[in-house]
Amino acid sequence: MQTISNETLQQYTDLLKSNEKVMPDIYLALLSQLNPQQQDWLRQQAAQTAVGQFGKGIYVRALIEISNYCKNNCYYCGIRCANTTIQRYRLTQEQIIEACQKADQLGFKTFVLQGGEDPQQNDEWMVQLITNIKTLFPQHAITLSIGERDKEAYRRFKQAGADRFLLRHETYNAKHYCQLHPHNMSRDNRINCLRQLKELGYQTGTGIMVGSPYQTMQDIVEDILFMEQLLPEMIGIGPFIATPNTPFEQQASGTVDQTTLLLALLRLRFPKALIPATTALTALDDHGREKAILSGANVIMPNVSPPDAREKYAIYTKKNIFSETADAIADIQNRVNNIGYHIDWTRGDYPLTIKQQNNHV
Ligand code: SAM
């Protein structure tokens with residue numbers, strides 16, 4: 001394996017932090033040529049950058065998994081429509097509002113509504129839901145993560161009060177996209193959706209699974225270059241987890257090390273981005289969340305779905321499903337405190353409009 005010197009690493013890190021263009025080869029070297037000590041150094045640099053930007057506060061979002069019905073058949077995902085082994089559920093508007101109320105009582109100021117692409121939760125239904133939540137909680141932020149819809153639907157959701165939208169592009173490389181998805185899904189449509197969300201003024205999140213089947217380092221570099229164009233306000237990355245009863249059940253999962261290294265690199269390049277310590281990390285490593293924070297993550301999304309739904313929303317095999325949300329919050333709070341951070345209960349919007357972003361590109 002090729003290696004790079006500490007001096008070169010320092011130069012590359014300075015470049016990441018600058019407004020200068022970073023050549024693909026440099027990203028490639030940072031992702032593949034660092035020894036474990038150098039990787040840890042990069043993670044520390046990223047954590048310092050995050051602290052410089054956000055202090056030691058970690059924003060929290062209440063995650064509500066609104067349905068595990070999905071019309072899509074992504075090869076990696078446990079809730080893909082062809083998986084007949086899982087029990088399907090969809091929350092009613094009343095159940096979702098109840099989850100929002102509980103989350104509000106716990107102190108959350110952001111609700112993240114995530115689900116499969118469930119045809120029954122159609123545009124009309126979503127507009128009604130968002131309107132109802134916003135009427136009850138006008139000061140809270142609503143984040144949607146409900147997949148691909150047309151621009152008119154995104155416009156209506158925004159008008160009804162949605163503030164943010166998470167839609168991972170999964171991979172920018174079109175060939176790789178086809179290896180992860182059936183032919184009726186397209187990379188171009190996914191990217192188009194993201195551009196529309198940005199145009200409509202959403203705080204927009206994208207991201208990838210790290211270590212997904214057939215992914216190459218070049219693919220990851222393309223993903224970073226795409227993010228430099230899109231300038232997402234949020235970046236969600238997590239390890240791919242091989243999941244039973246999917247076409248990829250026998251594939252190798254991604255790793256925590258790979259994921260936190262990429263996370264560090266992204267933090268250095270996108271200092272103001274909201275970057276969560278994703279649940280997939282905790283599924284692989286009990287301390288995955290802490291490791292992500294110590295690599296530059298600044299957001300946690302505890303699950304506040306009704307316990308029954310939490311078990312059934314099995315996009316991958318999960319560990320540590322708490323039956324009581326309050327217990328989970330206390331646990332998270334302890335863990336965050338133990339590494340010298342604290343929970344920041346404010347809304348935690350993106351710091352500035354993207355045009356004001358002073359760093360890079
Ligand atoms: N349907 C919405 C969408 O497509 O954005 C939201 C739900 S989808 C299940 C949320 C994310 O879960 C996906 O973007 C994907 O990256 C991640 N995911 C699905 N299966 C996974 C797996 N086996 N391992 C890790 N992440 C996975």
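In what order do the six strands of the open sheet lie, and is the pairing parallel or antiparallel? The six strands follow the order S2-S3-S4-S5-S6-S8, and their pairing is parallel. Strand S2 (62-67) and strand S8 (234-235) stand at the edges, each with a single partner strand, so one side of each has no neighbour in the sheet. Two strands are taken to pair if DSSP finds at least two bridges between them, while helices (H or I, at least four residues) and strands (E, at least two) are DSSP runs numbered from the N terminus.

This is a predicted model, in which local features need pLDDT of at least 70 and side-chain atom pairs count only at pLDDT 80 or more, whereas totals for chains, interfaces and linings use all residues. Residues are numbered from 1 along each chain as its sequence is written, and side-chain values use heavy atoms, with hydrogens and water left out.

Within the sheet, strand S5 (residues 164-166) is joined to the parallel strand S6 (residues 203-206) by three bridges, and Arg 164 stands opposite Gln 203 in S6.

UniProt, in an unreviewed entry, lists Cys 70, Cys 74 and Cys 77 under "binding site"; its positions are given in the numbering used here, feature names are shortened, and annotations may be inferred rather than shown by experiment. Cys 74 lies in the loop between S2 and helix H4 (93-106), and Cys 77 lies in the loop between S2 and H4. The table gives their accessibility, where buried means under 20% relative accessible area, exposed over 50%, and partly exposed in between (1.4 Å probe, protein chains only).

| Residue | Relative accessibility | Class |
|---|---|---|
| Cys 74 | 11% | buried |
| Cys 77 | 15% | buried |
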